[in-house]
Amino acid sequence: MNLLYGLRIFKNYSGAIVLVSHDKMFLDNVTNRTIEISLGQIYDYKKPYSQFLELRADIKEKQLQAQKNQEKEIEQTQKLIEKFRAKASKASMAQSLIKKLDKVERIAVDQDDNAVMNVRFEISKEPGKIIVEAEDLAKSYGDKQVLQNVDLLIERNSKIAFVGQNGQGKSTLAKMMVGEIPYEGSLKLGHNVEVGYFAQNQSEYLPPEKTVLEIMEEAANETNRVKVRDMLGAFLFGGEAVDKKAKVLSGGERNRLALCKLLLSPFNVLIMDEPTNHLDIASKNVLKKALQNFNGTLILVSHDREFLQGLTSTVYGFKDREIKEYLGDIDYFLEQHQLENLREAEKRTVVKAGKKEAPKDVVKLTREQEKKLKKLKNKLGKIESQIAALEEEIEQIDIALAENYEVTSSEVDFFKNYKAKKAKVDTLMEEWEVTEEQISSFN
Ligand SMILES: Nc1ncnc2c1ncn2[C@@H]1O[C@H](COP(=O)(O)OP(=O)(O)OP(=O)(O)O)[C@@H](O)[C@H]1O
Ligand SMILES: [Mg+2]
């Protein structure tokens with residue numbers, strides 16, 4: 001989902017939200033409580049995600065310290081027990097110390113799930129200087145035109161991000177590049193180019209009834225077949241996990257399997273369509289590092305700003321069937337994009353304001369009218385100060401009443417005067433409204 005769009009929906013929602021996500025920025029912006037599920041345990045923190053990470057590190061540090069202290073105490077008691085045991089007269093003391101030690105509840109430190117995948121992307125061979133050259137590309141699905149007039153020139157070792165709202169044609173162009181769907185125009189891959197492709201919808205690509213191991217073995221060639229189990233281990237499919245069928249895999253596991261499978265074929269260009277989908281934060285970091293170290297050409301479709309930061313040096317912005325190139329990273333793109341949006345918004349307001357304000361310029365008051373308007377404004381000012389003075393008086397009387405009801409209310413005609421003041425305020429209010437209306441009729 002588009003991040004900003006999602007944020008707006010969730011931020012404005014007044015009910016409770018339970019959000020399962022690996023997107024740090026998104027979580028930080030929406031949630032105020034974090035529940036961690038790790039190694040079969042549940043931990044509940046009343047904090048947004050980033051603060052939860054800090055808090056958890058803090059708690060763990062304290063637990064470790066407490067555990068150390070306890071271990072020291074236990075060790076000392078054990079030494080004492082040994083000493084007492086040696087003497088017949090102290091045997092009963094030794095016994096009671098042993099009992100005491102048995103009762104001590106051992107401090108446990110929360111276990112971390114440190115398992116993280118391990119991945120490296122190596123290029124198969126050096127390709128030519130030009131990776132992709134396309135001219136006048138167009139694509140439509142039936143009547144729906146998705147891309148039009150697209151020219152592309154991608155050079156070796158470029159790091160490009162495809163960015164744009166849902167449905168703008170990013171995946172479509174990726175599929176065109178790998179020859180998965182037909183299109184109009186010309187698109188050529190350069191000399192010796194070998195593409196490794198990670199598709200957006202992994203679940204459609206993995207045969208549901210096959211096991212993890214079967215899928216890998218079928219995709220392997222003779223040389224790398226022997227390495228399949230090791231490779232799976234690096235992607236956290238150890239032991240029996242390799243016998244799981246694709247259909248039972250979690251989103252993240254499916255993604256990891258697809259990444260692992262990708263490594264079985266040679267490539268020097270990586271086209272990855274949302275490779276961070278479902279990946280947990282640790283795996284995302286590992287993938288990002290691996291892509292940063294990749295010596296080939298990278299084309300990355302992603303909505304994940306944090307992931308893209310520092311990873312690509314060119315952004316292709318997809319909008320209204322066209323692609324615009326921004327020579328900079330994702331932050332530069334967002335800056336430029338914001339400026340463009342602002343400029344567009346400005347244009348719109350100018351047009352609107354122009355339309356609305358035109359009649360105002362046309363209205364010109366006669367001297368007579370201007371005099372009248374000034375008078376009315378004066379009157380309004382006077383009414384306002386009269387109301388303020390009366391309200392102040394009434395407030396003072398109220399205070400006096402509260403302090404000493406008997407004395408205050410015993411004054412001659414007290415209630416008559418009090419009521420009159422209140423009635424006067426009401427009349428002035430009405431007058432104020434009428435005057436205000438008269439003034440606004442001049443505009
Ligand atoms: N096989 C198809 N048949 C008909 N329409 C399609 C087909 N594939 C894609 N489309 C439409 O083409 C448009 C572009 O789709 P595409 O998958 O390229 O978008 P995207 O930019 O990758 O979006 P997202 O960010 O959601 O992944 C969408 O409106 C989509 O509904
Ligand atoms: Mg897509």
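Colleague: At what angle do helix α7 and helix α9 pack?

Modeller: This is a predicted model. Two packed helices are described by the angle between their axes and the distance between the axes. For α7 (residues 212-219) and α9 (residues 251-262), the axes lie 10 Å apart and the packing angle is about 20 degrees.

Colleague: Are α7 and α9 roughly parallel or roughly antiparallel?

Modeller: The angle between the two helices is about 20 degrees. Angles under 35 degrees count as roughly parallel. The crossing of α7 past α9 is right-handed, and the pair is therefore roughly parallel.

Colleague: How many charged residues does the contact of α7 with α9 have?

Modeller: From α7, the residues Val212, Ile215, Met216 and Ala219 take part, and they meet Leu257, Cys260 and Lys261 of α9. By class, six residues of this contact are nonpolar and no residue is polar, and the number of charged residues is one.

Colleague: Which strands stand at the edges of the open sheet?

Modeller: The sheet has three strands in the order β4-β3-β6, with antiparallel pairing. One side of a strand is left without a neighbour in the sheet where the strand has a single partner, so the edge strands are β4 (144-155) and β6 (184-189). On average, neighbouring strands here are turned by 15 degrees against each other, direction ignored. The strands at the edges are β4 and β6.

Colleague: Which residue in β6 is the bridge partner of Val132?

Modeller: Strand β3 covers residues 130-141 and runs antiparallel to β6, joined by five bridges. In β6, the partner of Val132 is Leu189.

Definitions and conventions
Residues numbered from 1 in each chain as written. Chains lettered and ligands numbered in written order. Predicted model: local features only at pLDDT ≥ 70, side-chain atom pairs only at ≥ 80, totals over all residues. Pairing = 2+ DSSP bridges. Helix = DSSP H or I, 4+ residues; strand = E, 2+ residues; numbered from the N terminus. Axes fitted to C-alpha atoms, helices over the stretch in contact; angles between N-to-C directions. Parallel < 35°, antiparallel > 145°, perpendicular 65-115°, else oblique. Left-handed = near helix turned anticlockwise from the far one by under 90°. Contact = placed C-beta atoms within 7 Å. Nonpolar A, V, L, I, M, F, W, Y, C, P; charged D, E, K, R; others polar.
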